[in-house]
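Notebook open, model loaded. I'm jotting down what I looked up, one stop at a time.

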Amino acid sequence: MKRLLFILLLVHLAYPYGNLSKDSYFDPSVLEINQDLYLGKKLKDYTILTDRGWTSLYKVIDNKPTILQLAYYTCDASCPILTENLLKAVKDLDGKKFNVVVLSFDKRDNIDTLKAFKKKLGNVPDNWTFGVLQEEDIKDITQSVGFKFFFSERDKTFVHPNTLIFLSPDAKVMRYLFGTFPRAKDINLALIDAQREKPSINNIVDLALLACYRYDPSRSRYTIDPLVIFAMMGFGLLGITALLTLTYKKAQEV
C-alpha cells in the first residue's frame, strides 16, 4: 500500500506512457471514468493478436454480451487479482451465453507475456480470449472507453483503474463495474443489462429479473429498486385486505 501511495504521489499528467516527475502530485479524480460520456458508444473492430492467432474484436464478441478487461500482462498486483476474481465469479454462469476478452494496454506486451499471464490463471474457459493490440489501437480503445493510465519509469508500474466493461452483442459500451472483487450477482445482472437492446425469447425472464434492480454508480453495484419493494408491499397489503374481507364475509354468513 505504501508503495502504491508513493507511485500515486509521483503522477503528474493524465496521458498514456507519461513520464513522472519527482515533483509531481496526483489527483485521483483524473483516473475516474465519467460513464455518461461513454455508455452507448460503439467500439471499433480492432485487430487482436491472441495465442491462437490473429482475430478481431467483433469475432471475439460473436454477437453475445461480452466482458472486457483492460490489463497488462506483466502486472503482479491488481490485474491478475481482478482476472482471477472474475474467473471465480462467472464459474457458475453459462459460458455459451457470453464472452470475456482481456486486452493489454501495454505496448510492450507480446505473446510470451500473454501466455505467462494466462498460465498463472490455470484452466481458462473456452469463451475467454486474451489479446495484444497494436499501439495505435491501444490509444484508440482506451480513449473510447475513458480508460486512463500512467507508467512510472522509476517503479516500472502502471497506475490505472480496475474495471470490467460490459459490451453489448454489437460492441456498444453498456456498463462499468469497478473494483478488483466483482460480485457474481452484479456480473450476471450487468451481462443481462448489456443485452437489453436486443431482447429475445431466451432472455425475457432475465430482463424481468433486471427490472427489479437498478444500477448504483456510486457503489458500482446493482441494488433492489425501491419502487419494486413498495409495489410488492402494496400488492401484499391488497392481498391481506382481500383475504380479511373474504374471511369477514364468510363469518357473517355463518
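Which residues does Asn127 touch, not counting residues up to four places away in sequence? I found Gly95, Phe98, Asn99 and Val100, where contact means heavy atoms within 4.5 Å.

Ground rules before going on. This is a predicted model, where local features need pLDDT of at least 70 and side-chain atom pairs count only at pLDDT 80 or more, while totals for chains, interfaces and linings use all residues. Residues are numbered from 1 along each chain as its sequence is written, and side-chain values use heavy atoms, with hydrogens and water left out.

**Asn127, continued.** I placed Asn127 in the loop between α5 (111–121) and β5 (128–132). Helices (H or I, at least four residues) and strands (E, at least two) are DSSP runs, numbered from the N terminus. Asn127 is buried, at 11% relative accessible area. For that call, buried is under 20%, exposed over 50% and partly exposed in between, with a 1.4 Å probe and protein chains only.

**Core.** Next I looked up the largest nonpolar core, and it has 60 residues. The term covers buried Ala, Val, Leu, Ile, Met, Phe, Trp, Tyr and Cys residues joined through side-chain atoms within 4.5 Å. Helix α7 (residues 184–194) gives the most to this core, six residues. Those with the most contacts inside the core include Leu68, Trp128 and Ile187. I checked Leu68 beyond its neighbours within four places in sequence: its contacts include Leu43, Val101, Ile141 and Leu167.

**Helix α7.** Eight of the 11 residues of α7 are buried, so the helix is largely enclosed by the rest of the structure. Ile187 is one of the buried ones, and so are Asp186 and Asp193.

**Cysteines.** I searched the whole structure for disulfides (two cysteine sulfur atoms within 2.5 Å) and got zero. Cys75 is in no disulfide, and its nearest cysteine sulfur, that of Cys79, is 3.6 Å away. Cys79 is likewise in no disulfide. Cys75 is buried at 7% relative accessibility, and Cys79 is buried at 1%.

**Positive phi.** Asn63 has a positive phi near 60° and lies in the loop between α3 (57–61) and β3 (66–71). Ser220 has a positive phi of about 55° and sits in the loop between β10 (213–216) and β11 (221–224). Buried or exposed? Asn63 is exposed at 54%, whereas Ser220 counts as buried at 11%.
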